[in-house]
Amino acid sequence: MPQPTFLPPDLTTFCRLDELGLQTIGQHLSPDRAVLECRVLEPDRWCRKCGCEGTARDTVPRRLAHEPFGHRPTTLLIRVRRYKCSGCGRIWRQDTSKAAPARAKISRGGLAWGLAGLVLDHLSVARVATGLGVSWSTANAAILAEGRRRLIDDPHRFDGVSTIGVDEHVWRHTRKGDKYVTVIIDLTPNRNKTGPARLLDMVEGRSKAVFKQWLAGRPKTWRDEIKVVAMDGFTALHERGCSAGLNPPASSSDRAM
């Protein structure tokens with residue numbers, strides 16, 4: 001861009017809070033944390049019970065961990081307005097579901113940052129928790145739920161799959177033995193040269209029954225569309241694919257995908 005166009009500084013846009021339905025109204029910076037004071041953009045003054053208009057009563061704070069900027073965790077301090085209905089007397093708060101799920105401690109922007117850091121940047125959960133300024137258990141539970149919502153709970157993630165890859169992965173080393181998962185990858189975009197491969201599912205264990213049970217849970221019409229199964233060179237994996245009703249790869253080039 002030889003002649004870029006500059007706009008006045010806007011903390012709301014810079015921190016992507018406009019995507020969460022928030023606007024920054026203040027900031028407090030300390031050496032170990034940044035706190036951004038926000039307000040909800042949508043008034044939400046109409047009663048959902050009787051439909052009458054409510055009057056502003058007071059505000060209550062809601063704190064959310066947000067994506068960090070630099071090495072300093074960022075906290076959103078949202079001033080949530082409370083209303084009282086002029087008809088039925090009901091009291092409610094402004095809707096903040098665009099910023100975060102109900103009772104969540106991390107904003108949607110923070111969840112996206114944590115999930116990207118875990119999957120794309122190969123950060124540990126401990127590092128993600130430190131960046132968000134929350135405990136390990138809070139970060140782990142929230143990011144697993146977000147990953148499940150985006151990946152596992154997506155009803156369209158199985159659409160158009162004709163080539164899958166199956167392999168085993170050690171996800172935890174223990175004194176009593178290693179813990180394995182069976183990983184199923186969609187290799188269709190890779191094979192068709194339309195994009196990168198993508199994760200379909202991970203199932204605990206690596207036995208023949210594990211993969212067979214996973215396949216049994218898929219519709220027969222979907223299984224009939226699978227043309228190639230890429231596996232490693234172990235005979236056991238080929239036996240799994242054949243016994244589950246799928247054909248093993250026809251050549252070493254398929255196995256190398």
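**Close-up views of a predicted model**

View 1. Ile25 lies in strand 1, and, when residues up to four places away in sequence are not counted, Ile25 touches Glu37, Cys38 and Arg39. The C-alpha atoms of Ile25 and Leu36 are separated by 7.7 Å, the two residues being 11 residues apart along the chain.

**View 2. The hairpin of strand 1 and strand 2.** Strand 1, residues 22-30, runs antiparallel to strand 2, and eight bridges join the two. Two residues lie between these strands in the hairpin that they form.

**View 3. Strand 2 beside strand 4.** Strand 2, residues 33-40, and strand 4, residues 72-85, run parallel and are joined by six bridges. Cys38, one of the residues that Ile25 touches, has Ile78 in strand 4 as its bridge partner.

**View 4. The hairpin of strand 3 and strand 4.** Strand 3, residues 54-69, is joined to strand 4 by 13 bridges, and the two strands run antiparallel. Gly54 stands opposite Cys85 in strand 4. The hairpin formed by strand 3 and strand 4 has two residues between the strands, and Gly70 in the turn has a positive phi of about 80°.

**View 5. The hairpin of strand 4 and strand 5.** Strand 4 also pairs with strand 5, residues 91-93, in the antiparallel sense over three bridges, and in this pairing Lys84 stands opposite Ile91 in strand 5. Five residues lie between strand 4 and strand 5 in their hairpin, where Gly89 in the turn has a positive phi of about 80°.

View 6. Leu151, Ile152, Leu199 and Met202 make a nonpolar surface patch of about 320 Å². The elements that give two or more residues to this patch are helix 4, spanning 136-152, and strand 8, spanning 198-204. Leu151, which is found in helix 4, counts as partly exposed because its relative accessibility is 39%, a value to be read against the limits of under 20% for buried and over 50% for exposed.

Notes:
Residues are numbered from 1 along each chain as its sequence is written. This is a predicted model: local features need pLDDT of at least 70, side-chain atom pairs count only at pLDDT 80 or more; totals for chains, interfaces and linings use all residues. Side-chain values use heavy atoms; hydrogens and water are left out. Patches are made of residues with over 30% relative accessible area and no salt bridge: like charges are joined within 9 Å, nonpolar side chains (Val, Leu, Ile, Met, Phe, Trp, Tyr) within 5 Å. Accessible areas come from the Shrake-Rupley method with a 1.4 Å probe; for residues, only the protein chains shown count as cover. A salt bridge is a side-chain nitrogen of Lys or Arg within 4 Å of a carboxyl oxygen of Asp or Glu. Helices (H or I, at least four residues) and strands (E, at least two) are DSSP runs, numbered from the N terminus. Buried means under 20% relative accessible area, exposed over 50%, partly exposed in between (1.4 Å probe, protein chains only). Two strands pair if DSSP finds at least two bridges between them. Contact means heavy atoms within 4.5 Å.
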